[in-house]
Each structure stands twice: as structure tokens, then as C-alpha cells.
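Student: Hi! Could you walk me through this structure? I'm new to it.

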Amino acid sequence: MTLQAFSQRLRDRVQTEVQLAPFTTWRIGGPAQFLVQAETLRDVADTVAGCRAANLPLYVLGGGSNLLIADEGVRGVVLSLHAMKRMQPFGNKVLVQAGANLGTLVNRCNQAGIGGLCGLAGIPGSVGGALAMNAGGRYAEIAEFVERVVWLNPQGELESLYREEIDFAYRRSGLRFGVVIEAVLSGTHADPAQLAARSRQIMHEKLSLQPYQEFSAGCCFQNPMGHSAGRLIDLAGCKGMQVGGAKVSDRHGNFIVNSGEAKAEEVLQLMQQVTARVQVAHGVMLRPEVQMWPARDVLSLAA
Ligand code: EPU
């Protein structure tokens with residue numbers, strides 16, 4: 001694989017064989033063959049165009065908080081937008097770039113008296129990643145606040161979509177097939193002090209229920225319709241199960257924590273074991289929520 005299809009301007013900025021583990025909250029994963037850290041829309045567009053021309057796989061990196069990268073890393077181009085993180089509140093809305101940190105956005109909205117987004121407090125990740133997978137928790141999901149999104153669609157064209165044009169679903173959206181550039185999110189007019197208090201309350205709740213201080217990717221599995229995956233995993237007796245450095249959290253069953261040296265392969269084996277146990281105990285098939293690079297079918301792994 002070569003980078004000849006990329007503009008010279010971009011080629012000067014491509015890094016090769018960059019370890020990706022530090023870019024993930026799990027601190028797991030091998031290197032990216034190529035890494036582009038975009039600073040402008042033009043960088044993003046050139047990267048997408050180059051990948052299309054050279055037929056190179058393109059992986060878009062958000063906050064790395066819901067991501068399991070293989071120990072061998074990924075061949076192709078990893079595109080990070082974390083330098084594109086401007087946010088600009090206006091009235092009860094905010095214009096925000098995809099690389100902005102979601103927690104920072106929540107704080108900024110709270111300060112600006114933009115109500116509603118405080119319900120996203122404590123959810124890690126970037127705004128682009130949150131939109132691509134419709135991040136959410138007990139109190140809100142990001143789709144509720146979307147007015148419009150600018151993205152490079154799968155054809156590589158710059159496009160602006162209103163919320164109604166985006167197929168948001170539970171922890172999923174069509175935006176994951178392109179590259180989110182920026183969005184306008186809309187809340188209600190509210191009192192900054194009350195918003196901050198609400199966010200603190202939610203954070204406090206999360207800290208008490210989840211292993212927030214450990215390396216994890218949040219919830220590993222989607223909640224099956226009408227169930228909590230964490231509860232099913234707990235009832236199936238999986239808490240504390242371990243493969244190498246990967247362990248099912250004692251605090252919340254749906255979290256797999258990296259106790260230090262975990263390999264992606266160990267996490268996958270543990271996920272497979274948990275899936276099998278829950279299937280036997282409850283007759284429910286868990287589906288992974290975490291994204292895998294390259295894509296893997298956790299069910300096809302050897303037990
Ligand atoms: N429960 C147990 N044992 C456990 C975990 C949970 O019995 O090990 C019970 C709890 O006591 C509670 C019920 O199961 O009665 C639900 O648990 P929780 O409130 O933690 O919610 P959840 O359904 O497990 C979802 C999201 C979380 C989000 C929380 C709170 C999914 C897959 N998970 O978890 O999102 O933080 O609600 O809003 O949608 C994430 O996506 O990474 C994530 C952490």
C-alpha cells in the first residue's frame with residue numbers, strides 16, 4: 001500500500017506505524033499503518049478522496065472510548081479529527097466541530113444556559129463519535145439535540161443533513177458510514193447553575209455505579225430489548241471473570257476493564273465467554289456495542 005494517491009500537502013502530514021492504544025480509553029491495540037490528524041475540512045476531504053482513489057480502508061477515530069483495536073493494529077488510514085474541536089454557543093444552540101470532547105461540550109452548554117445536554121454528562125468520547133453511534137445513557141441521547149449535521153457522505157461529498165434525514169436508532173446512526181465534520185445542537189433556555197448541578201448529580205451517580213477510574217470502553221454489549229445487559233451478565237455469574245489482563249468489572253457487569261496489560265484478543269475471548277454464559281443462563285444473545293477495528297464477529301471466535 002502506498003500513499004501516492006494522496007495530495008503532496010497531505011502526504012507531508014501522514015504519520016506511519018503509530019501506536020493506537022494511547023488513543024483509546026481501553027489502552028489496547030496495535031499500530032495504524034497510516035495516521036492523519038486533520039486540522040481542517042480540507043485535510044479530511046483530501047484523506048477521504050485519497051482513500052477512495054487508492055482503495056485504502058479508512059477508519060475514523062473519535063474519542064476512542066467505544067473501540068477495540070486489534071493487537072495487530074489496522075492496515076489503511078486512521079483519520080483523527082481531535083484537533084477540530086471548536087464550539088460556539090449562540091442562543092439556545094451550539095455549533096460544534098466533530099473532534100470536540102463531549103464532556104467539554106456539556107460543560108460549555110451548561111455555562112451558556114443551553115439546557116438538555118446536561119443529560120449527557122459523564123459520557124466519554126468525541127462529538128463526532130457520539131453522533132455516529134447516537135451516544136446516550138439513562139437521561140438523554142445525543143440525537144434528541146441534533147438540528148443538523150455537516151458530514152462527508154459515503155460518496156465523499158460534503159452534505160448538510162437535518163435530524164429527520166438521519167436514521168438515528170439505539171446506539172446507531174447512518175452517520176457512521178461517513179465522516180461527521182460539525183453539527184448544530186439545540187437545547188432549551190435554562191439556568192446555568194441548575195444545569196451544572198444536574199450534570200454533577202449524573203456524574204455522581206455514574207461514579208457510584210460504574211468503574212469510571214479504570215481503563216474500559218464503557219458498556220461492552222448493547223442492552224437487549226427490555227433488558228439490561230449488565231444485569232443479565234451479573235445474574236449469569238460473570239462478574240470477576242478474567243482472560244489474561246481483561247476482566248469483567250466487579251462493579252458493573254457490562255464493563256470489561258483492562259487491568260494493565262490486556263490484549264485485544266483477551267478482551268474478545270472474554271466477550272465470547274460472557275456471551276455464551278448469558279445465552280445459557282437467560283436464552284438471550286448479547287450483541288457487542290463496542291466497535292472493532294478491523295471489524296470482527298465476536299460470535300465466530302473459538303471459545
Ligand atoms: N445491574 C445489575 N448488575 C450490574 C449492572 C447493572 O444488577 O452489574 C442492574 C442495575 O442495578 C439496574 C439495572 O441493572 O437496576 C440497569 O443498570 P444501569 O442503570 O447501570 O443501566 P444499564 O442499562 O446497564 C445503560 C447504558 C449505560 C449508561 C447507563 C445509565 C447501555 C448498553 N448502557 O446501562 O451506557 O451509562 O444505562 O445511563 O445502553 C455505555 O453505553 O457505555 C454505557 C455505560
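**A first look around**

Tutor: Let's start at Asn-134, which is buried with a relative accessible area of 0%. Buried means under 20% relative accessible area, exposed over 50% and partly exposed in between, with a 1.4 Å probe and protein chains only.

Student: What kind of model is this, and how are residues numbered?

Tutor: This is a predicted model, in which local features need pLDDT of at least 70, side-chain atom pairs count only at pLDDT 80 or more, and totals for chains, interfaces and linings use all residues. Residues are numbered from 1 along each chain as its sequence is written, and side-chain values use heavy atoms, with hydrogens and water left out.

Student: Back to Asn-134, where does it lie?

Tutor: Asn-134 lies in the loop between helix H4 (127-132) and S9. Helices (H or I, at least four residues) and strands (E, at least two) are DSSP runs, numbered from the N terminus. Asn-134 also has a positive phi, near 45°, in a residue other than glycine.

Student: Which residues does Ala-143 touch?

Tutor: Leaving out residues up to four places away in sequence, Ala-143 touches Asn-134, Arg-163 and Phe-168. Contact here means heavy atoms within 4.5 Å. Ala-143 lies in the loop between H4 and S9, and at 8% relative accessibility it counts as buried.

Student: How far apart are the C-alpha atoms of Ala-143 and Leu-10?

Tutor: They are separated by 33 Å, and the two residues are 133 residues apart along the chain.

Student: And Arg-27, what is its phi?

Tutor: Arg-27 has a positive phi of about 60° although it is not a glycine. You'll find Arg-27 in the loop between strand S1 (15-19) and strand S2 (31-37). With 39% relative accessibility, Arg-27 counts as partly exposed.

Student: New topic: helices. Which residues of H5 are buried?

Tutor: Those are Leu-195, Ser-199, Ile-202 and Lys-206. Seen down the axis of H5, its buried residues fall within an arc of 65°, so they line one face of the helix. That arc is taken from the directions from the helix axis to the C-beta atoms.

Student: What do the buried residues of H5 pack against?

Tutor: They pack against helix H3 (102-112) and strand S8 (114-115). On the face of H5 turned away from its buried side are the exposed residues Ala-193, Gln-194, Arg-200 and His-204.

Student: How far apart are the end C-alpha atoms of H5?

Tutor: They are 26 Å apart, which agrees with the 26 Å that the 18 residues of helix H5 (residues 192-209) should span at 1.5 Å a residue. The expected span is 1.5 Å times one less than the number of residues in the helix.

Student: Now strands. How do S6 and S7 pair?

Tutor: Strand S6 (residues 87-90) and strand S7 (residues 93-97) pair in the antiparallel sense over 4 bridges. Two strands pair if DSSP finds at least two bridges between them. Phe-90 stands opposite Lys-93 in S7. The hairpin of S6 and S7 has 2 residues between the strands, and there Gly-91 takes a positive phi near 60°.

Student: What about S9 and S10?

Tutor: Strand S9 (residues 146-152) and strand S10 (residues 158-162) run antiparallel and are joined by 5 bridges. Arg-148 stands opposite Tyr-162 in S10. In their hairpin, with 5 residues between the strands, Gly-156 takes a positive phi near 85°.

Student: In what order do the strands of the open sheet come?

Tutor: The order is S13-S14-S15, 3 strands with antiparallel pairing. Strand S13 (242-243) and strand S15 (256-258) stand at the edges with a single partner strand each, so one side of each is left without a neighbour in the sheet.

Student: Last one: where is Glu-289, and is it buried or exposed?

Tutor: Glu-289 sits in the loop between helix H7 (264-282) and strand S16 (291-293). Glu-289 is buried yet has no salt bridge, and the nearest side chain of opposite charge, Arg-171, is 4.2 Å away. A salt bridge is a side-chain nitrogen of Lys or Arg within 4 Å of a carboxyl oxygen of Asp or Glu. For charge, Lys and Arg count as positive and Asp and Glu as negative, while His and the chain ends are not counted.
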